[in-house]
Amino acid sequence: MKIEFSLNEIDSVANRILEQNPEKVILFEAEMGTGKTTLIKALCKALKVEDTISSPTFSLVNEYETINGEPVYHFDFYRLKSEKEALDFGVEDYLYSGNFCFLEWSEKIPNLIPDKHTVIKIRVLENENRELILT
């Protein structure tokens, strides 16, 4: 699926993504400042998460809960120094939990990504809209 959108349309884009029944582990591939966290906030809203959503840059993972009590995990591996660091905090338990896992900077843990995953690539276009490709 390929979508061009403005940030004003982010909520409808999140719903369209979820309508595609993506794998629960979703990798967000984009440059810094492209809108990864903004899209993750919209996805959490569409999943009915009522918690405050923020980037887990310093904690590596934030855990949210839907109104049905289902956990949603949001990772930011930007500051990660090695895959061992991710293993030490139990990343595999999260990734194989069967719950939604949203991964920013997943290229830092290439050998730990489950075979079943979805990739969302985002890039900023010249008109400041975003192009999203879901595979």
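I looked up strand β2 and strand β5 (residues 100-104) first: they pair in the parallel sense over four bridges. Two strands count as paired if DSSP finds at least two bridges between them. Strands (E, at least two residues) and helices (H or I, at least four) are DSSP runs, numbered from the N terminus. The model is predicted: local features need pLDDT of at least 70, side-chain atom pairs count only at pLDDT 80 or more, and totals for chains, interfaces and linings use all residues. Residues are numbered from 1 along each chain as its sequence is written, and side-chain values use heavy atoms, with hydrogens and water left out.

I checked the partners next. Val25 has Cys101 as its bridge partner in β5. Strand β6 (residues 118-124) also runs parallel to β2, joined by four bridges. There, Glu29 is partnered by Lys121.

I then looked at burial (buried is under 20% relative accessible area, exposed over 50%, partly exposed in between; 1.4 Å probe, protein chains only). Four of the five residues of β2 (residues 25-29) are buried, so the strand is largely enclosed by the rest of the structure.

Rings came next. Rings of Phe, Tyr and Trp (its six-membered ring) pair if their centres lie within 6.5 Å; planes under 30 degrees apart are stacked, over 60 edge-to-face, the rest tilted. I found a count of eight aromatic pairs. Phe75 and Phe89 form a tilted one, 6.4 Å centre to centre with 35° between the planes. Phe75 lies in strand β4 (residues 71-76) and Phe89 in the loop between α3 (83-88) and α4 (91-95), so the pair ties together parts 14 residues apart in sequence. Phe75 is buried at 0% relative accessibility; Phe89 is partly exposed at 26%.
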